[in-house]
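Visitor: I'd like to learn how to read helix packing and side-chain surroundings in a model. Could you walk me through one?

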Amino acid sequence: MEDFRRAYLRLCKEAGLEPQESVLVQLQAVTGGTRLDLSGQSLTVESCAVLGRTLQKDTLFTELVLQDCMLSEEGAKLFLNGLCSNTTVRALDLKGNNLRGAGAEALGKLLVRNKTLRRLVLEWNALGMWEEGFSIFCEGLASNSCLTQLDLRNNQINHQGAAELALALKRNSVLEELDLRWNNIGLLGGRSLLDALQQNRTVLQVEMAGNNIPSDILRAIEQSMEHNADRQSALRESRSRTQVLSKEIQNLKVEKGRQFVSLMETIDKQREEMGRSSRNSSMRLGQLQEALHERKSAVNSLTAKLQMTEAALALSEQKVNNLGDLLTRLKLEKTELMDRQSRELKKLQEESVLREGKLLRETNSLSEKNHQLKNKVQELDRRCTAQQDQIFELKQELTNSTGELKLRLAQAEGTTILHAQTQHLCNLRLNEVYYTEFGQPVVLVQELSRVKAAMVTERAQAEEELGKVRTQVRLEEQQHLSSMEEKLRSARQSRDEAQSHCAQQKQTITELHARVGQQSIEMDALRRRIDELQQDLAGKEQEKMAEVTRVRVELQEQIGHLQAERTAQSGLKEKIAALEREMKALGASHREALLDKESEISSLLERLRMKEGEIQRMREDEAQRASFLQNAILTYVQGSPLGHYSPKK
């Protein structure tokens with residue numbers, strides 16, 4: 001109870017509501033019972049919602065009484081929705097709460113989903129006022145499988161509601177008591193209910209007072225209820241008789257079981273006697289088998305030793321084979337390694353020869369190039385000296401030419417002086433002639449003028465030739481100097497290039513010499529490695545030969561031991577054959593004894609089958625008697641006047 005109260009307070013707190021004081025008082029009043037009575041308490045919608053949520057998982061209360069609680073439609077809906085998942089409430093009393101359409105729908109859902117409610121009191125409500133809600137309530141009643149008592153007094157149910165209720169009763173198979181007093185069912189509703197109750201086989205009590213139903217229909221309903229009661233009593237009687245018959249059958253089974261047990265005891269005794277005899281024979285057989293097992297164990301030990309020696313022989317042979325394989329593999333590896341090393345040596349020798357030839361060719365070409373460059377340098381030097389000689393000769397020629405020109409100039413100046421002197425002489429001569437001889441003065445003047453003109457022209461020509469010679473000499477000297485300077489620059493550049501190329505060739509030659517030295521070192525290392533491998537291979541061959549000789553000696557010793565053991569095993573096999581012959585004789589005698597015992601067991605089993613056949617016949621007789629009794633009860637029930645009754649229309 002305290003858990004329920006705490007859950008109610010917690011849900012009120014979660015919903016932000018103040019718990020209703022009257023509900024708390026009633027919860028405190030309930031001390032140790034399973035009945036929660038909230039009659040006369042005006043429950044609000046919030047209180048109904050919290051109570052519904054609290055009752056969802058409650059396992060304490062089996063009866064809820066909410067009479068005259070003035071439940072609203074919404075409050076009733078929330079409360080009943082919470083009860084849908086409850087599994088402990090058996091009785092619910094909602095008397096005087098004026099439930100209508102929404103309440104009827106919630107009750108219908110409750111009847112569909114709840115599987116534990118047995119008694120439902122809905123007196124003084126208004127479920128029949130709303131046809132749709134009441135139809136949903138009737139559908140829930142039709143599909144319900146647990147409700148046995150339903151009180152619908154004073155619910156304003158008319159003939160249409162009675163028709164819906166009749167349809168529900170046709171489908172319901174668990175309801176036993178129905179109270180419909182003080183409603184408005186009328187004639188049509190009464191007929192619908194009568195038709196439904198004639199088809200229903202479980203309703204035993206129906207209260208229909210105060211519904212304006214004719215008395216004949218009420219009597220017919222009472223008769224159908226009596227018929228149902230008779231049917232239930234007949235069923236109870238038949239059940240009791242079947243129980244009695246089952247008890248008698250059980251007693252017969254117990255008696256037959258005792259007989260069967262006694263028979264089985266006798267069979268067990270015979271089996272014990274047979275077991276003792278078989279144990280004695282098995283003891284003898286066991287002794288013989290032990291002796292045989294001892295012999296077999298000795299043989300097995302010898303065979304195990306033989307197998308061990310054979311396995312050791314196989315292992316030694318395998319070792320020999322493995323060593324031979326290892327030797328062949330080492331030889332192959334040695335040959336492959338030698339071939340590879342020879343190939344590598346040949347390759348290295350070829351490469352070194354090629355490199356040496358290449359280096360020799362390169363050195364020869366470089367030496368030739370160097371010689372050519374030296375020749376070029378010498379030729380350039382010769383050219384330079386020749387050009388210097390030419391320049392010197394040209395300078396000498398230039399000095400000679402300048403000297404000649406100076407001589408020519410001097411000669412020309414001398415000629416001018418001579419001309420002047422001649423002119424002066426001529427003038428004097430002319431004067432003399434002019435003064436002496438006045439016969440021809442005009443001719444002399446003309447000759448003198450001609451001589452002067454010739455002298456002037458010769459002088460101009462000499463000066464012009466002198467200028468031309470000077471300009472030509474200067475131009476030739478400048479051209480010769482520029483060409484000589486260019487040749488000197490090109491000779492110096494070619495000399496520098498030849499020197500740099502010679503330095504590069506010297507560097508490559510030193511690198512090649514270093515590579516040749518490194519390769520010779522590697523060749524020496526490879527030769528040392530080949531020598532080491534040859535030494536290892538010789539040591540392994542010696543070890544293999546020693547191991548093979550040792551294994552051969554061991555195999556010969558083991559073969560001698562095995563031959564001795566085989567001779568001993570042949571004697572043991574003869575003894576084993578004699579023991580097996582004795583075992584066969586004993587087995588034949590024991591088989592005959594076992595065949596005798598099996599024939600006795602088969603006879604006992606035949607007796608047992610006969611007893612079982614008698615028991616089966618007795619069971620069939622009892623089953624036939626029970627079927628006759630059931631048929632007689634059914635004929636009695638069908639032949640009664642209640643079975644042929646049909647309602648008046």
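Guide: Let's go through helix pairs, then a couple of residues. Bear in mind that this is a predicted model.

Visitor: How do I describe two packed helices, and what are the angle and axis distance for α1 and α3?

Guide: In general, two packed helices are described by the angle between their axes and the distance between the axes. Here, helix α1 (residues 2-15) packs against helix α3 (residues 45-56) at about 130°, and their axes are 9 Å apart. That angle makes α1 oblique to α3. As for handedness, the crossing of α1 and α3 is right-handed.

Visitor: Which residues of α1 and α3 meet?

Guide: From α1 you have Phe4, Ala7, Tyr8, Leu11, Cys12 and Glu14; from α3, Ser47, Val50, Leu51, Arg53, Thr54 and Leu55.

Visitor: What about α3 and α4: what angle do they pack at?

Guide: About 5°, with the axes of α3 and helix α4 (residues 73-83) 7 Å apart. Angles under 35 degrees count as roughly parallel, so α3 and α4 are roughly parallel to each other. On the α3 side, the contact uses Val45, Cys48, Ala49, Leu51, Gly52, Leu55 and Gln56, and α4 brings Glu74, Gly75, Leu78, Phe79, Gly82 and Leu83. The residues in the contact of α3 with α4 divide into 8 nonpolar, 4 polar and 1 charged.

Visitor: Now a loop residue. Where is threonine 202, and why is it called buried?

Guide: Look in the loop between α8 (186-199) and β7 (205-207). Threonine 202 is called buried because its relative accessible area is 19%, and the cut-off is under 20%.

Visitor: What surrounds threonine 202?

Guide: Leaving out residues up to four places away in sequence, threonine 202 touches Asn172, Ser173, Val174, Leu175, Glu176 and Gln232. Zoom in on leucine 175: its backbone oxygen lies 3.1 Å from a polar atom of the threonine 202 side chain.

Note on methods:
Residues are numbered from 1 along each chain as its sequence is written. This is a predicted model: local features need pLDDT of at least 70, side-chain atom pairs count only at pLDDT 80 or more; totals for chains, interfaces and linings use all residues. Side-chain values use heavy atoms; hydrogens and water are left out. Axes are lines fitted to C-alpha atoms, for helices over the stretch in contact, and angles run from 0 to 180 degrees between N-to-C directions. Helices (H or I, at least four residues) and strands (E, at least two) are DSSP runs, numbered from the N terminus. Angles under 35 degrees count as roughly parallel, over 145 as roughly antiparallel, 65 to 115 as roughly perpendicular and the rest as oblique. A crossing is left-handed if the near helix is turned anticlockwise from the far one by less than a right angle, and right-handed if clockwise. Contact means heavy atoms within 4.5 Å. Buried means under 20% relative accessible area, exposed over 50%, partly exposed in between (1.4 Å probe, protein chains only). A polar contact is a pair of N or O atoms within 3.5 Å; within protein, one must be able to donate a hydrogen and the other to accept it, and residues adjacent in sequence count only if both atoms are side-chain atoms. Ala, Val, Leu, Ile, Met, Phe, Trp, Tyr, Cys and Pro count as nonpolar, Asp, Glu, Lys and Arg as charged, and the others, Gly among them, as polar.
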